[in-house]
Structures are given as structure tokens and as C-alpha cells.
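Please keep the structure open as you read.

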Amino acid sequence: MAREMQGEALSSLPILDLSYADDPSRRLILLQELHNALFNVGFLYIKNHGVPLETITNLVSRLPALFNQGNDFKASLSKLNSPHFLGYSGFAEETTLGKKDLREQFDLATELPVVWQDPKNHKATGGVGDRDFTKLYWRLRGPNQWPCEDQIPGFKNAYLKYHDALQALSYRFVHLVEEAFGIPIGTFDNFFLPHSTGAQAKTREYMPPQHRIKLVKYPPSTENYQGQGVGAHKDSSGWLTFLYQVGREEGLEVVSTIGEWILAPPIEGTFVVNFGNAFEAATDGAVKATVHRVKAPLSTSNPRYSIPFFQGLPLDLTISEIRRYIPESVRKLRRESGALENHDSVSTFLDSRWDSLGESQLRKWIRSHEEVGRKWYGDEVASYYLR
Ligand SMILES: O=C(O)CCC(=O)C(=O)O
Ligand SMILES: [Fe+2]
């Protein structure tokens, strides 16, 4: 409790109590706070979110053992084994803004089979209905690489439970966003749920998406300066992000509305929620994908662990399709407050080549893991996306 109060005092970001959603006398307060967080801040905490503490602890308690495994274990789960960019990437292997990110990570996702069809073996119309599974971006979808059960006992089960709880939370949260947008609850269900009856007439059926979860470790710095855990960025892996910050190690910072870095410290019992590039693009910038970064822990600190859940979208969905669901009353909020920011990552969606989520995701993954991209997609494809 003391910790929670300290955190709340430290952070100037809004903390929304999701239990208000079930209380008719307070629901409106929650929706007003959400409206403010969506359109004026772009970053928020949620508490009383309904994810059982045990579900979180079961996964979190296995992180030290997972990251303490030796190089052979980590190499056996390397992302290089996976055309889906799922698996381990080592310390300082990623760069943001031209600098190494001082973190290591396991990328996991919704456990799903491969759907991609190799055009060499299938006709180009080899999809189901109007879906063409020979499109290269479908190759992003596929199963996880799992550690051996005897090496990290209970890991797979703990991960799957955590995934399902976060998926459910994310869908529930999207319903609140719909309400805050003033559109019927369930409008976006078509994107997430199989055979949903959706609140609006369907344009077409989508395949429920694959969500991504990163398990991240930021070790204490070995030098006397504080390096970059991850450089300033907007999230590009999904629609909404639900971040769990483990323990008490601070480091996450967010750009405020007046352009200053503010701390987003861990607050017990909360998730941090923020919005990805696709969300910013779909709302014409009315809801911003807020820039954030993580400072590496000091040499005297403990390691910092975090678990971002990136809510996915169907790969064959386009930003123009999503825009059709966003009312003018929402989109004009941005236009009233100024011009669209010229961020490459958001304006990417304004280029018709990357308009589909699949194209933009394939581009993003190849650009951040070039070696994996070249290995599984070939030099010609990699060069196309790296241009
Ligand atoms: O580790 C964190 O707290 C944030 C990580 C993050 O922003 C990301 O991986 O996109
Ligand atoms: Fe992020």
C-alpha cells in the first residue's frame, strides 16, 4: 500500500480504476477519465484490472531462472530458428535510434499453427474464401519456441494462463475505448473474435489475430553511465500495449503533452496501457502513440524485468478499413488541436504499400531483425523492406 501511494504520487499519468466499469454509479467517471487519457495523454495505468495476482506471479517468478540459463539454452531458442520472429534475442542485439538497447528478450505470442502457404506448392488463390495465404506476411503467424519443461518447470502453463488473461483484459478494455469513442460496444469485436456478431454490419470475416508478449530483462549497467534500456520509440507491434513492470526498478519514461520526459514508475497492482502506431494512424492522430523509452538500471540496481503484451490485429486488415469504424467526432479531435505529427513510424501507414497490418508488421520485423529476415525471407524481400 505504501508503495502504491508512493508510485501514485510520483507519476503524473492517470490511474484508472477498472472496477468502476461494473459500478453503475461510477462508470461514467471511468469513461470520462478514459476519454481524457485517450485524447490528452496517450499513456495511463489501470488498477483493479481483474487479472489474478497468481497468474502474474506464476510467470514473473520464473523470469530470473529463464534469463539465467546458459548460452546453449538461449541459442536453442534463438529467433534465428523462427520465420515468425519468435524466440530469444541476446543482450544489445537490437538498436533504437542508432544505439544499442541494453536488454535481452524472449518474444512469444498467441500459440497458433502456421497458415502461410508456400506459393511454390500452392496456386496464388490458395486461401480460404477471399483470403490468400500465400501472401508473405502470413508467414509471421506461427507457433512459439518453448523451453524444455524440465529446464523451466511450469513455464509453458504459466505463460499460457498469463496470455489468456491479458487477451481477455485487452478485449474488455477495447469495449471501454469504444464507449469512450461513443460507438457501439463490440464495434471492434470483428477484428478479434471468431464468428462475432459485432455491433456493426460486417464488411468481412477476419481471423482472430496473434498477440505478442515480450519477456524482457534489463541487467544493471556494467559501466558508470546509464545507457539506454530501449531507446525512444512508439509501439509498432500492435493496437494497444498492456505493460507489466516487475518489482520496483524504475526506468520507463514517457514524453508528456508538453514534450518533457516524465517517469512512469512501477505501481503495484497496475498495468501501463498505451497505444500503438496503428491506433494513431486509424484515429488520424486523435489518440497518440506516445513516445517512451527505458533507461538501463544503474550498476548498483537490481535487474529490471518487464512484460509488454502487444494486442494484435488481423494481418489482412488495413488502416483504411479500421478508419471506417472511427467516427468523425473522434477523428476531428486531432485536427482541431493541430497538424498530424510527422513520425515516420506512423506515416508508414499513410504509404499505401504498408497500409495492411501484415505488410507493416513484416517491414517492422525485418527492419528490427535483419538477419532473421534475410534467412527466412531472402535477400530480395529483405532489401525491399529495408529500403
Ligand atoms: O520495459 C518496459 O518498461 C517498456 C518496454 C517497451 O516499451 C517495449 O518493449 O516496447
Ligand atoms: Fe514500447
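The expected span of a helix is 1.5 Å times one less than its number of residues. Keep in mind that this is a predicted model. Helix α2 covers residues 27–41, so its 15 residues should span 21 Å, and the 20 Å between its end C-alpha atoms agrees with that.

Which residues of α2 are buried? They are Leu30, Leu34, Ala37 and Leu38. These residues lie on the same side of α2, because the arc they cover around the axis is only 95°. Leu28 and Gln32, on the other side of α2, are exposed. The cover over the buried residues of α2 includes β1, β2 and α6. Just after α2 comes Gly42, with a positive phi of about 85°.

Now for the sheet. It is open and has 8 strands, with mixed pairing, in the order β1-β2-β12-β9-β14-β7-β6-β3. The edges are held by β1 and β3, each with a single partner strand, so one side of each has no neighbour in the sheet. From one strand to the next, the twist averages 25°.

Tyr88 stands opposite Phe106 in β6.

Two helices meet this sheet. α6 packs on it, touching β6, β7, β9, β12 and β14, while α2 lies across β1 and β2. Their directions are set out here:

| Helix | Strand | Angle |
|---|---|---|
| α2 | β1 | about 150° |
| α6 | β9 | about 130° |

Notes
Residues are numbered from 1 along each chain as its sequence is written. Chains are lettered from A and ligands numbered from 1 in the order in which they are written. This is a predicted model: local features need pLDDT of at least 70, side-chain atom pairs count only at pLDDT 80 or more; totals for chains, interfaces and linings use all residues. Helices (H or I, at least four residues) and strands (E, at least two) are DSSP runs, numbered from the N terminus. A residue is buried if 20 or more other C-beta atoms lie within 10 Å of its own, exposed if 12 or fewer, and partly exposed in between; C-beta atoms are placed from the backbone. The arc is that of the directions from the helix axis to the C-beta atoms. Two residues are in contact if their C-beta atoms, placed from the backbone, lie within 7 Å. Two strands pair if DSSP finds at least two bridges between them. Axes are lines fitted to C-alpha atoms, for helices over the stretch in contact, and angles run from 0 to 180 degrees between N-to-C directions.
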